[in-house]
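Work through the exercises below with the sequence and the model at hand. Each task is followed by its solution in steps.

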Amino acid sequence: MSPDEKRAAEKRAGELLDQAERLGPGTHRLSDGTTAIVCGRGARTLRCSGCGQPGAGKLCDYPVVRMNGNAGTCDRPLCERCAISIGPGRDFCPPHHRYEQKRSGAVRDAGSHGGQSGS
Ligand SMILES: [Zn+2]
Ligand SMILES: [Zn+2]
């Protein structure tokens with residue numbers, strides 16, 4: 001390969017790399033503020049939102065209100081290890097499970113007042 005050819009080939013490779021970098025790893029920002037990783041090869045494999053591993057077979061069922069006001073669920077993809085089962089066919093993502101635990105703790109706290117002593 002002549003030096004000129006080599007330089008041209010290197011330039012082409014650099015351009016391809018540049019393009020790949022600009023496109024990023026297939027990250028798309030959705031309108032509701034969540035980020036979805038789209039696999040470029042057309043595989044329907046979801047990446048777990050907890051550990052980032054492909055093969056998430058569950059979705060978070062935490063009820064949320066979407067930007068457009070409609071009720072929906074969190075729908076974060078979760079793998080078997082990261083999904084926290086809260087009932088038959090219902091799973092929460094770790095952040096929502098934590099949030100729900102905190103919330104139920106706060107509910108138990110409220111209403112237990114009334115021990116005021118006066119004189
Ligand atoms: Zn996971
Ligand atoms: Zn969730």
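**Exercise 1.** Find the residue with a positive phi in the hairpin of β7 and β8.

Solution. Helices (H or I, at least four residues) and strands (E, at least two) are DSSP runs, numbered from the N terminus. The hairpin of β7 and β8 has 2 residues between its strands, and G89 takes a positive phi near 75° there. Strand β7 covers residues 84–87 and β8 covers residues 90–92; they pair in the antiparallel sense over 3 bridges, where pairing requires that DSSP finds at least two bridges between two strands. I84 has F92 in β8 as its bridge partner.

The model is predicted: local features need pLDDT of at least 70, side-chain atom pairs count only at pLDDT 80 or more, and totals for chains, interfaces and linings use all residues. Residues are numbered from 1 along each chain as its sequence is written, while chains are lettered from A and ligands numbered from 1 in the order in which they are written.

**Exercise 2.** Locate D75 and state its phi.

Solution. Start with the loop between β5 (71–73) and β6 (77–78), where D75 is placed. Phi of D75 is near 65°, a positive value in a residue other than glycine. Most residues other than glycine have a negative phi.
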